[in-house]
Amino acid sequence: MKTNPGQLSQLLKKGLSPVYLVSGDEPLLVQECCDQVRKAAKDAGYHDRLTFHADHQLDWNAVGEEFSAMSLFAEKRRIEIHLPTGKLGDGRALLERVLADPPEDIILLLISARLDAAETRRKWYKELQGKGVHVPVWPVDADKFQGWLQQRASNRGLSLTRGALAIMSERLEGNLLAASQELDRLSLLANGNTIDEETVEQAVQDSSRFNGFELVTELISGRAPHAGKMITVLQQEGENPLGLLSVLSRDLNLLLELKSSAGQSENPAAFLKKRGVFQPQRARALEQAARRLNRSQLNEAISLCSQIDRAAKGFDTLTPWHYLRDMSALLAGRS
């Protein structure tokens, strides 16, 4: 079955399904949905957790062995598989077998980029709809972003003036994770007081200096020197690169789609709006990058994202920041 993020909590209270698929290009909302599933599974006794990343180095046979193995002391397990491209590839046959007869002691959580129409027509997806739950996560529309921001602030007990809300909406539109982080920052400054324009100006300006999402824009724009400085500062501040990595991966895949749409004479601005890109600055950066970079460079950059991900999780001798500097040089090139 399919449900939306707002209904997931109530659905989980009714009982667990053997498999959940959370898909979309909004890292914050995807993460929050996954956290709901994880909590419900842990509360139900699924304490063991195994995580796999479906990059070109993943051994799907090893994944299959985990589904076939009896868990030690009959403990229930959670298996999470990240699908950064939204495609199963070599794992499709395995998942079809698993979904045909899901193990009773395993909850499977698939965390994916937005699925394309072709993937939803495949056998594995149809099996999942019958046995599990798909939670598609969509971007917050531009005309609803301010309302989303206000609701989010209210949930934190924050009161913002209309002007403060307008400034935040203008600067953070389309970047939900950054917006959530700014609200966390403001909650520390508020002390129960109403937040006005001056407070927002100071807080948001300060945070935007070394914002990971600004780094993504610099990388996509090919501004290597400035991106290099930002990488150094973010590394020194102990920033977790995984948050910005999901946004960078999304934008790189979006660039590949944009290049394909250009061959079909689709207007780039119209294409980007369909994909939830409403910020003029980000849209310009993507359009210019699509013209500047070729498919080979973009595919290499997507592969580099996998190395960054592995390094951030401790599976590489080099740091993720090393690979981000490589990414900066790669995306500064011309086709």
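Predicted model: local features only at pLDDT ≥ 70, side-chain atom pairs only at ≥ 80, totals over all residues.
Rolling a probe the size of a water molecule over the atoms shows where empty space is left. In this structure, three cavities of 30 Å³ or more are found. The largest cavity has a volume of about 100 Å³. Ten residues line the largest cavity, and D25, R250, R275, G276 and R282 are those that lie nearest its centre. When the residues of this lining are sorted by class, five are charged, three are nonpolar and two are polar.

The second largest cavity has a volume of about 50 Å³. Its lining consists of P18, V19, F67, V98, L99, P102, P103, I106 and L108. Two elements, α4 (92–100) and β4 (106–112), each give two or more residues to this lining. What is the make-up of the lining of the second largest cavity by class? It has nine nonpolar residues, with no polar and no charged residues.

Attention now turns to a pair of helices. Helix α11 (residues 212–221) packs with helix α12 (residues 224–236) at an angle of about 155 degrees, and their axes are 9 Å apart. Because angles over 145 degrees count as roughly antiparallel, α11 is roughly antiparallel to α12. The crossing in which α11 passes α12 is left-handed. On the side of α11, the contact is made by G212, E214, L215, E218 and L219; on the side of α12, H226, A227, M230, I231 and L234 take part. By class, this contact of α11 with α12 comprises six nonpolar, two polar and two charged residues.

Key:
Residues numbered from 1 in each chain as written. Heavy atoms only, no water. 1 Å grid on protein atoms, 1.4 Å probe; cavity = no way out; pocket = protein on both sides within 12 Å on 5 of 7 lines; lining within 4 Å. Points joined across faces, edges and corners; volume = space filled by probe spheres on them. Nonpolar A, V, L, I, M, F, W, Y, C, P; charged D, E, K, R; others polar. Helix = DSSP H or I, 4+ residues; strand = E, 2+ residues; numbered from the N terminus. Axes fitted to C-alpha atoms, helices over the stretch in contact; angles between N-to-C directions. Parallel < 35°, antiparallel > 145°, perpendicular 65-115°, else oblique. Left-handed = near helix turned anticlockwise from the far one by under 90°. Contact = heavy atoms within 4.5 Å.
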